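Hi everyone, thanks for coming. Today I'd like to walk you through a structure, one contact at a time. Please have a look at it first.

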Amino acid sequence: MSSRDTLETDTRVVDAPDVPREIPETENATESPRGQVLDDPDRRREESAEARQRAEGNWDERPFKVDREELGRFDLKRAGLPDMSIDAAAKYVEEHRASRPWLAMTDRASPEARRIIAAMDAAGGHAHIRHEGWVTEEANRRRVTCREDPAQLDPDKRSLSIDGLRPSDKRHRCADIATRITDPDAFATAFTRAVEHPKMRKALDMAFSATDKPETVSVPIEDLLGPDGYKCCTGWQLKPVDGSKETAYDKRNAWVDVRAKGAKPDTGEPQAAPVPTFEGGLMTFLFTGNETERRYEIVTMCPEPPGDRRRES
Amino acid sequence: MPAFYWERHPDGPFATLIAVATSYLHPEIDDVDSLKRFAESEDNQKARVFKSELREALRDPSKLPPGELFASVQYEDGSPEAFLQHLWHELYGDETP
């Protein structure tokens, strides 16, 4: 049993040391990690996106202060999820890790959060696939600029904006913003607390109909993650074009259409910037019906920054 | 303040249209097939109100609360008029609005 498998203490540590490590000259003779980053375009883009998010967003990379007992007490059936023990969740993750790589993010999670995320995965929701720590900052940036779906595992299809979860190679949709919760324990905490929120209970407990479903619900991030919880949320939003968010959105979609048809867009790649802050923001929840179980379930959840997003015209 | 138009204005014009469209067509779910099943459920009072409000909005899109439909649905049709026409055709085919 690892130290993360006990309830007594949260033993995670930040991977990065506080001070730069002294590198012996013999190591310099090969290649430094920094050099590897600079030589690898993909890693360079990842580093760049993370650096921008740190500088321009509210991201606090320190681990979320999780209440593991609270997560351990959570009854998965309250969210319509399959019952799963901590051991069964660990087994599920190992068995599906290769085909469902987003499960790797549970390596950073407490066992109690891993149980919840594994159950969400088994149930077929996609919140943890598109709005959690498996999605890197660069992946989120590309989601909003190029409508590249982080859930699409085929790089060629991803670059054509083909959705990774919907059938028939449908075009992936993305709003003018793409967001995530960066810490798996925070993600599981937000989910479990939301399930007990009165607005959410009203939706989840609605009498089932195969031709209806609950309306979209939003809950303040602060209610779910506490006053500093917003710092676990990051996102990217399209940069206005000619001073207009709507023009940026329309031009982004036109750019994606051209590229998806195999042509070269005659304008540059759409641009995005980190969401400055999620303080005062909301968590949005969408529902779907489970006809077999005759109940409603959360199909996805995503953080939204504060502010008015109505279209100007 | 509640995020959504139908929460801020539960009795406001087009509250059902905007709420239903969001539930099914929000970019994070985008489930037009389920919306079609909803629209076909004529025994459902909400579905009848939805159709009535969609028809009214098509007749005079200027009556829609400004920006609210786009804020929730983020349609890709460029304008609320184009989106509503597209939506009507998807759900009700050639039936006259």
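Predicted model: local features only at pLDDT ≥ 70, side-chain atom pairs only at ≥ 80, totals over all residues.

Now, which residues of α5(A) meet α6(A)? On the α5(A) side they are A:I86, A:A89, A:A90, A:Y92 and A:V93. Facing them in α6(A) are A:P111, A:E112, A:R114, A:R115, A:A118, A:D121 and A:A122. By type, this contact of α5(A) with α6(A) has eight nonpolar residues, four charged and no polar ones.

How do we describe such a pair? Two packed helices are described by the angle between their axes and the distance between the axes. Here, helix α5 (residues 86-96) and helix α6 (residues 111-123), both of chain A, have axes that come within 8 Å and cross at roughly 60°. That angle makes α5(A) oblique to α6(A). Their crossing is left-handed.

Let's move on to the rings. Over all chains, the structure holds ten aromatic pairs. Take A:Y249 and B:F70: their ring centres are 5.2 Å apart and their planes stand at 80°, so this pair is edge-to-face. The pair crosses between chains, linking helix α13 (residues 245-260) of chain A to helix α5 (residues 68-73) of chain B.

B:F70 also forms an edge-to-face pair with B:Y75, again with 5.2 Å centre to centre and 80° between the planes. Are these two buried or exposed? B:F70 has 2% relative accessibility, so it counts as buried, and B:Y75, at 3%, counts as buried too.

Finally, A:Y249, B:F70, B:Y75 and B:F83 form one aromatic cluster.

Technical notes. Residues numbered from 1 in each chain as written. Chains lettered and ligands numbered in written order. Heavy atoms only, no water. Axes fitted to C-alpha atoms, helices over the stretch in contact; angles between N-to-C directions. Helix = DSSP H or I, 4+ residues; strand = E, 2+ residues; numbered from the N terminus. Parallel < 35°, antiparallel > 145°, perpendicular 65-115°, else oblique. Left-handed = near helix turned anticlockwise from the far one by under 90°. Contact = heavy atoms within 4.5 Å. Nonpolar A, V, L, I, M, F, W, Y, C, P; charged D, E, K, R; others polar. Phe/Tyr/Trp six-rings, centres within 6.5 Å; stacked < 30°, edge-to-face > 60°. Buried < 20%, exposed > 50% of the residue type's maximum accessible area, 1.4 Å probe, protein only.
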